[in-house]
2 protein chains.
Amino acid sequence: MSALLDTADALHDQMLALGRAARAASVSLAAAPGPDKDRALRAAAAAIRANKAAIQAANDADLANAGDLSGPLRERLTLNDERIEAMAKGLEDIADFPDPIGGVLADWTRPNGLNIQRVRVPLGVIGIIYESRPNVTADAGGLCLKSGNAAILRGGSESVQSSRAIAACLAEGLRAAGLPEDAIQLVPTTDRAAVGHMLRMREFIDVIIPRGGKSLIQRIADESRVPVIKHLDGNCHVYVHAGADLDKARKVVLNAKMRRTSICGAAETLLVDRAIADTALAPLVTDLLNAGCAVRGDAATQAVDPRVTPVDAADWDTEYLDAIIACGVVDGVDAAIDHINRHGSHHTDSIVTEDAAAAERFLQRIDSGIVLWNASTQFADGGQFGMGAEIGISTDKFHARGPVGAEQLTSYKYVVRGNGQTRP
Amino acid sequence: MSALLDTADALHDQMLALGRAARAASVSLAAAPGPDKDRALRAAAAAIRANKAAIQAANDADLANAGDLSGPLRERLTLNDERIEAMAKGLEDIADFPDPIGGVLADWTRPNGLNIQRVRVPLGVIGIIYESRPNVTADAGGLCLKSGNAAILRGGSESVQSSRAIAACLAEGLRAAGLPEDAIQLVPTTDRAAVGHMLRMREFIDVIIPRGGKSLIQRIADESRVPVIKHLDGNCHVYVHAGADLDKARKVVLNAKMRRTSICGAAETLLVDRAIADTALAPLVTDLLNAGCAVRGDAATQAVDPRVTPVDAADWDTEYLDAIIACGVVDGVDAAIDHINRHGSHHTDSIVTEDAAAAERFLQRIDSGIVLWNASTQFADGGQFGMGAEIGISTDKFHARGPVGAEQLTSYKYVVRGNGQTRP
């Protein structure tokens, strides 16, 4: 019992020390010039390339320890030349983007002569909690650094050696640029209780970003006392409106569902307007079936093809992340909006139509981070938006919505310059 | 026991019904044209003026019931002609401001022809939890309406009749403009457990804003599962740097502390640079003492005047909201920055100096929502910033920092317009 208590106390002390070091580093980092941060990112990329063999050996050790890991988890844990190079290149890409910090977002002068500027500043310290993908260590660490935030990274225990090897390269980059090494810290212990500490360290962590499966993210959102930026679910829709160009609709639907089925922007539900169901439903559904997609449909959809199986109530709320789609007929744009706002996950939804009024109604009323007109939901991606690297897509509305890049990891302050003004 | 359970269940059902109604109203409100919202605000103002007698009678009843209320609480609870008119005028002022919703924050077109806009949208449903001031009902309800958010207002039980009378006027305004009355709902019960329900209603409330004393706000921040925008503390500083113009410093310090001592932007600590302590400390401290301010000082400050009492460690962390100031000598701008970042509340801090380099260092490194150069901390106010009505000043960095007006009660979405683009 006393040994257990000692362990708990030791972990508590260790986490507090980590938090204090991060807070101290965040002060230097907030004032660090952009070129210093970019130099650190490029030096870290060089270190990753130079230490490729050591990173691979660490990953091999993780894989060897992970004997009973399932296929997809093992796949995510695995590093190879290509993935290691992608991490290095990713850091260089982040370095190439403009510095988000210090930018003046607004500037005005009051009648009394006070000049007021709204200036972008870092959030402070960001805690990243992630599962098996060791590349998150580099990607998330790099984005936090670019945005002037200190990072506390907590990777999955199965990827601990890989993450340590990568974090060592990030530390090398920080050192090379004269920035504090504590700017990017990896939680050294694999004790699961460390996560619980992070979620309560409001004085040392300004925001928590979980990366991983829905159950991890839901648990963190439920338990955290620190604000969370999260991507919970990507239950994305394509609605083919009565005014749709059928050729466009076929291209968009097939791409939205089948280009890659495992990404959060993949469509999971197809809604077809009743007004064109007679002509549009068959080609849309047949395209999907022929591409190897399982279609779960309502009565009208089932009538199209015997391969369609019945949709049930839970399907409308399901993110398959697989070659499966729910499909149904709706009565007009308002019914589509209502269905999507009710069953969707406020992530990404698209309307296909040539009718501008219907499109604008959809774009305004769908309560999602990304709404598209005549384009595939698979564009839901910071890179595709031209925003650079992203740490994920937020399905929240608070603070950050949609793709979360370096700019979304910032706050602002008001800088007021006067010449002795007092308030009457 | 069974009766208790029934009561708890009834409250639970009542709160869920409130949440559902707010969510439904928020959908209409998000799409409501600006002129409709402004018409509702003006009609509500007219209703407040027309029902002045009824509001006053309700307030008299609240005051009669609040027999044992302490002086300041009773003062806050009290309405009179002037305060009722101020509520009406406040709603009209909110109406006069431009609509924050629908504005395009950014607009760009990708090489593939996709046009991307970042558009301002409401957050959804805002829960306001406040104590005795019944005017918050009008102020907060009006700001939520302007920003297209539905509001669930939970006032103090001591002001319930006043708040009901005011809420009836807001409902009249909504009706007059054809907007859903559920857009602004007052929690009908005075059962304290209702607050606990609000803090867990993540599916129906997007953000909680507590207004009141520090202990209320701290408790809500600790317990809430819904994101919180809060103003915890206004422990504001004035630092008189070695390069200060003494006349400016005397004016700024006296105004920052004594103009009004009860507001969050009032200075609570004066730091004077050791380099000028010999000449500056005496006039600065004497001004304060002569204006009726108690000064708690370090040894150097005590040496100035026998009326100065010793400062203790807790003073540096205290928001007095009274005619009291902590005063001490520091060694240079970095020591001042370190003191303020350590003891301050990240609210509002000012440097007085003619040395631009020292000022810019202070403005960059002080981690507060508002940083000033040669100006009084009492300018920490949305109205003084020209931002219009505010619901408070956020001491958080997440989502909203500094004055929280209609614009800070919004989120954004990405609207993407294409012509059939698919992702390669």
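How many residue pairs are in polar contact between chain B and chain A, both at pLDDT 80 or more? The count is 47, where a polar contact is a pair of N or O atoms within 3.5 Å; within protein, one must be able to donate a hydrogen and the other to accept it, and residues adjacent in sequence count only if both atoms are side-chain atoms. This is a predicted model, so to speak of ground rules: local features need pLDDT of at least 70, side-chain atom pairs count only at pLDDT 80 or more, and totals for chains, interfaces and linings use all residues. Residues are numbered from 1 along each chain as its sequence is written, chains are lettered from A and ligands numbered from 1 in the order written, and side-chain values use heavy atoms, with hydrogens and water left out.

**The interface**

- Chain B puts 74 residues into the contact and chain A puts in 74 residues, with contact meaning heavy atoms within 4.5 Å.
- Between them the two chains bury about 6,100 Å², 49% of it on carbon and sulfur atoms; buried area is the accessible area (1.4 Å probe) that two parts lose on being put together, summed over both.
- F398(B), Y414(B) and R423(B) supply 15% of what chain B buries against chain A, more than any other three residues.
- The rule finds 6 salt bridges across the interface, a salt bridge being a side-chain nitrogen of Lys or Arg within 4 Å of a carboxyl oxygen of Asp or Glu.
- R202(B) forms a salt bridge with D222(A), with the closest N and O atoms 2.4 Å apart.
- Several elements of chain B each bring at least two residues to the side that touches chain A, among them β2 (115–122), α10 (246–258) and β16 (410–421); helices (H or I, at least four residues) and strands (E, at least two) are DSSP runs, numbered from the N terminus.
- β16(B) gives the most to that side, with 11 residues.

**A sheet built from both chains**

- An open sheet of 10 strands with mixed pairing runs β10(A)-β9(A)-β11(A)-β8(A)-β7(A)-β12(A)-β13(A)-β16(B)-β2(B)-β1(B); two strands pair if DSSP finds at least two bridges between them.
- β10 of chain A and β1 of chain B stand at the edges, each with a single partner strand, so one side of each is left without a neighbour in the sheet.
- β7 and β8 of chain A run parallel, joined by 5 bridges, and V238(A) stands opposite L270(A) in β8(A).
- β16 of chain A pairs with β13(B) in the parallel sense over 5 bridges, and here Y414(A) stands opposite I370(B).

**Within chain A**

- An automatic or database domain assignment gives domain 1 (2–230 + 404–415) and domain 2 (236–384).
- The centres of these two domains, taken over C-alpha atoms, are 36 Å apart.
- E92(A) and R49(A) meet in a salt bridge (2.9 Å, N to O).
- E92(A) lies in helix α5 and R49(A) in helix α2, so the pair ties together parts that are 43 residues apart in sequence.
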